[in-house]
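The sequence and the model are shown first, and the main points follow by topic.

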Amino acid sequence: PQPCSAGGICAGSNDFAAPCPDGSYSSAIGLTSADGCLPCVAGSACLAGSVAPTVCAPGSFAPIDGAAACQQCEAGSYQASRNATTCDVCPLSAWCAEGSSAPTACPRGTVGNETGLSHPDKCARCPEGFWCSAGETIPCPTGTYNANTSMTNQGGCIECPAQSSTVGDSKTSL
């Protein structure tokens, strides 16, 4: 007779190995009960019959021991690392789709004023007195102003006429 293969259990007179249950694994051969199967550790997952844990990929996580599958990060969160047990909240200036492994900067002309944004449509319009790039507001410099929203570059900041200036930056009118 051949010994029971890794990831399997041969109990009694069974001709074929039964797999270690979901959420567990075994690299040992000749197991006679499921007690010899080891639980998958948090941050990894094991389908039935696994010989070793599968580490969760970036964008996913397994919060507890004994997971059969890694879960995707919810929209509004991300995970850059492998073997994770949680996801991080999407930071300011960015949005994160479901299963994100990194935040995505808000589109040009918009700003991410809140954490946990789940879609680019959740980014706010760039306010007057500023222009926006990579989800961040950049003030129009002293001597310029901007009365429009959603500006995507410093060219949206209008220079004051000769012999005049603004008092400070981010001004919205002449």
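**Disulfides, shape and selected residues**

Cysteine 106 is joined to cysteine 123 by a disulfide, with an S to S distance of 2.1 Å. The model is a predicted one. The protein has zero helices and 18 strands. Its radius of gyration is 28 Å, well over the 16 Å that the globule rule gives for 174 residues, so the protein is more spread out than a compact globule.

**Disulfides**

- The count of disulfides comes to eight.
- The link of cysteine 106 and cysteine 123 is left-handed, with -75 degrees about the S-S bond. This pair links distant parts of the chain, 17 residues apart: cysteine 106 lies in the loop between strand 12 (104–105) and strand 13 (110–111), and cysteine 123 in the loop between strand 13 and strand 14 (124–125). Both cysteine 106 and cysteine 123 are buried.
- Cysteine 56 and cysteine 70 also form a disulfide, with an S to S distance of 2.1 Å. The torsion about the S-S bond of cysteine 56 and cysteine 70 is about -90 degrees, so this disulfide is left-handed. Cysteine 56 is buried, with a relative accessible area of 0%, whereas cysteine 70 is partly exposed at 29%.
- In the disulfide of cysteine 90 and cysteine 96, the sulfur atoms are 2.2 Å apart. The torsion about that S-S bond is about 80 degrees, so the disulfide is right-handed. Cysteine 90 and cysteine 96 are buried.
- For cysteine 160, the closest cysteine sulfur is that of cysteine 140, at 10 Å, which is too far for a bond. Cysteine 160 counts as buried, at 12% relative accessibility.

**Overall shape and surface**

- Taken along the principal axes, the C-alpha atoms fill a box of roughly 100 × 20 × 20 Å.
- Of the 174 residues, 32% count as buried.
- The accessible surface comes to about 9,600 Å², and 52% of it belongs to carbon and sulfur atoms.

**Strands 15 and 16**

- Strand 15 (residues 130–133) and strand 16 (residues 136–139) run antiparallel and are joined by four bridges. Cysteine 132 has threonine 137 in strand 16 as its bridge partner.
- Two residues lie between the strands of this hairpin, where alanine 134 takes a positive phi near 55 degrees.

**Threonine 144**

- Threonine 144 belongs to strand 17 (residues 144–145) and counts as buried at 9% relative accessibility.
- A polar atom of the threonine 144 side chain lies 2.6 Å from the backbone oxygen of proline 141.
- Beyond its neighbours within four places in sequence, threonine 144 is in contact with residues including Cys157, Cys160 and Lys171.

Technical notes. Residues numbered from 1 in each chain as written. Predicted model: local features only at pLDDT ≥ 70, side-chain atom pairs only at ≥ 80, totals over all residues. Heavy atoms only, no water. Pairing = 2+ DSSP bridges. Buried < 20%, exposed > 50% of the residue type's maximum accessible area, 1.4 Å probe, protein only. Polar contact = N/O pair within 3.5 Å; in protein donor to acceptor, adjacent residues only side chain to side chain. Contact = heavy atoms within 4.5 Å. Rg over C-alpha atoms; globule rule 2.2 N^0.38 Å. Areas by Shrake-Rupley, 256 points an atom, 1.4 Å probe, with all protein chains shown as cover. Disulfide = S-S within 2.5 Å.
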